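Okay, thanks everyone, let's get going.

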Amino acid sequence: MKKKLRVPFLAAMMASSIMLLSGCQSKQADSTTVATYSGGQVTQASFYKELKQSPTTKTVLANLLIYRALNKAYGKSVSTKSVDNTYNSYKNEYGENFTSFLSQNGFSKSSFRQSIRTNLLSEVALKKLKKVTNSQLKTAWKTYQPKVTVQHILTSDESTAKQVISDLAAGKDFTTLAKTYSIDTSTKDKGGKVSFESSSKSLDSTFKDAAYKLKNGEYTQSPVKVTNGYEVIKMIEHPAKGTFSDSKKALTASVYSKWSRNSSVMQRVISQVLKDQHVTIKDKDLADALDSYKQSVAAN
């Protein structure tokens, strides 16, 4: 059950390109040599001129400005430790496939850390700029589900998942089957046990939906197709929903989680941050890099 990579409004950023864009405009750097060839050279000034012609350059600049604006506004609220914890959770989750995971998503180790930090900063900005109303909490309550604990077995193909279900029907132990069949290295040796809430951002929604339909002791009678394979899920602890008043904290987290996945909401949040930080692009050739964020910045 691999963590789903969330980059809500930023594309993967190549650190080298960002450094060039952020530093090569200074007059002192105009004549700095980037490369040489027989009888000539490429200066930072000429290289910068060429970079501006690339269709991806404005995206890189926009990403850089968004990151810096967020970091200036809310940087003190996101610790290095919180970034490291998230980074290491992905690293542990993917194990020996972590490098491949980074490559497939267009990240280096440093740019992935920066993406994580940007996501954490954006969550802080969202909570600062957009407050949850009681009416919104009541709406969330209608579909709210409490924290549950399940066991799961992730397989790469449907036939293996069907075999697991057949073995369970024959009375075999779920924990033993998880160690034998599950390809989720982070949970297989723990019997496939995992706990989550309905607002969990890292789990496949199909997985959560299937799990919440189960009562204690029940397991899925057919394989559950998820992003990276097929799941067999058993409910271990499915508590009662509880009361609205006792669940407000969890409901608030659920609403924020939903908003953080809504591109329109996050675009308005980033628009407000850019406005508050007085972000201005001086280069006329790149002046429209942030045009998509020039809109209403009403907090709600």
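So, how many salt bridges does a search of the whole structure find? Six. Keep in mind that this is a predicted model. I'll go through some of them.

Let's start with Lys 52 and Asp 285. They form a salt bridge, and their closest N and O atoms sit 2.8 Å apart. Buried or exposed, what is Lys 52? Buried, at 17% relative accessible area, because the cut-off for buried is under 20%. Asp 285, at 38%, counts as partly exposed.

Next pair: Lys 58 and Asp 288. Here the closest N and O atoms are 2.7 Å apart, again a salt bridge. Lys 58 belongs to helix H3, while Asp 288 is in the segment after H12, so this is a link between distant parts of the chain, 230 residues apart. Lys 58 comes out partly exposed, with 28% relative accessible area, and Asp 288 is partly exposed too, at 37%.

Then there's Asp 84 with Arg 113, a salt bridge with the closest N and O atoms 2.6 Å apart. Asp 84 is in helix H4 (residues 80-94) and Arg 113 is in helix H6 (residues 109-129), so the pair ties together parts 29 residues apart in sequence. Both count as partly exposed: Asp 84 at 27%, Arg 113 at 30%. And there's a network as well: Lys 52, Asp 283, Lys 284 and Asp 285 are joined into one by salt bridges that share partners.

Find E3, residues 148-155. How many of its eight residues are buried? Eight, so to speak the whole strand. Side chains in a regular strand alternate between the two faces of the sheet. In E3 both faces are covered: Val 148, Val 150, His 152 and Leu 154 are buried on one side, and Thr 149, Gln 151, Ile 153 and Thr 155 on the other.

And which strands does E3 pair with? Four bridges join E3 to E4 (residues 193-196), running antiparallel, and there Val 150 has Val 194 as its bridge partner. Seven bridges join E3 to E6 (residues 229-237), also antiparallel, with Tyr 230 as the partner of Thr 155.

Notes: Residues are numbered from 1 along each chain as its sequence is written. This is a predicted model: local features need pLDDT of at least 70, side-chain atom pairs count only at pLDDT 80 or more; totals for chains, interfaces and linings use all residues. Side-chain values use heavy atoms; hydrogens and water are left out. Buried means under 20% relative accessible area, exposed over 50%, partly exposed in between (1.4 Å probe, protein chains only). Helices (H or I, at least four residues) and strands (E, at least two) are DSSP runs, numbered from the N terminus. Two strands pair if DSSP finds at least two bridges between them. A salt bridge is a side-chain nitrogen of Lys or Arg within 4 Å of a carboxyl oxygen of Asp or Glu.
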